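Here is a short report for a first look at this structure. Keep the sequence and the 3D view at hand while reading.

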Amino acid sequence: MIVGKLLGEKMKVLSKAYQDSLAKAGATAGETLNCIRTIRLFACGENLQISSYEDELENVYKIGRKRAIVSGGYGFVIGLAVQCAIVGSLLVGTFLVVGGKMELG
C-alpha cells in the first residue's frame, strides 16, 4: 500500500506538470498565430517560433511518457494487491476447510 501511495503522489505531480506543459505549448502556439504578420516580417522569426513550439511539444512528450510509465506501475500495484487479497482469502478458506473449522457450502 505504501508503494501505491507513493506512485499515486508521483502521478499527481506528473499530471500537474503535464497540464502545465500543455498549457505552455498552447500559449506558444496562440501567441505565434496572433502575431503571424510580425513574425513573418523577420526572416528567421518563423523558424524560431517553429523551433520553440517543437521544444514545448518535446517537453510535453517527455512528461507524458513518464506519466504513462507511472500510471502503468500504479495499475500494476493495485491489480497485484487485489489479486493477492483474492488468493489470500481462498487460502484462508482452504485451510479452514482442511482443518475442519469450516464446512463446504
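## Surface and overall fold

The protein chain exposes about 8300 Å², and carbon and sulfur atoms supply 66% of that area. The model is a predicted one. Of the chain's 105 residues, 13% count as buried.

The protein chain has three helices and zero strands. Along the sequence, the pattern reads α-α-α. Now take the contacts in the chain with a separation of 6 or more: 78% of them come from residues 24 or more positions apart.

## A nonpolar patch

Which residues form a nonpolar patch on the surface? They are Tyr74, Ile78, Val82, Ile86 and Leu90. Together they have about 430 Å² of accessible area.

Val82 is one of these residues. Its place is in helix α3, which covers residues 45-98. Val82 counts as partly exposed because its relative accessibility is 42%, between the 20% and 50% cut-offs.

Side chains of opposite charge can pair when their charged atoms come close. How many salt bridges does the structure hold? The structure holds three.

One joins the side chains of Glu9 and Lys5, at 3.7 Å from N to O. Both residues lie in helix α1, residues 2-34. They sit four residues apart, about one turn of the helix. Glu9 has 41% relative accessibility, so Glu9 counts as partly exposed. Lys5 has 55%, so Lys5 counts as exposed.

Another salt bridge pairs Lys16 with Asp20. Their closest N and O atoms are 3.2 Å apart. Lys16 and Asp20 are separated by about one helical turn because they are four residues apart in helix α1. Is Lys16 buried or exposed? Lys16 counts as exposed because its relative accessibility is 54%. Asp20, at 42%, counts as partly exposed.

## A salt bridge between helices

The side chains of Glu56 and Lys24 also meet in a salt bridge, at 4.0 Å from N to O. This pair links distant parts of the chain. Glu56 is in helix α3, Lys24 is in helix α1, and 32 residues separate them.

Why does Glu56 count as buried? Its relative accessible area is 13%, and buried means under 20%.

Definitions and conventions
Residues numbered from 1 in each chain as written. Predicted model: local features only at pLDDT ≥ 70, side-chain atom pairs only at ≥ 80, totals over all residues. Heavy atoms only, no water. Patch = residues over 30% accessible without salt bridge, like charges linked within 9 Å, V, L, I, M, F, W, Y side chains within 5 Å. Areas by Shrake-Rupley, 256 points an atom, 1.4 Å probe, with all protein chains shown as cover. Helix = DSSP H or I, 4+ residues; strand = E, 2+ residues; numbered from the N terminus. Buried < 20%, exposed > 50% of the residue type's maximum accessible area, 1.4 Å probe, protein only. Contact = heavy atoms within 4.5 Å.
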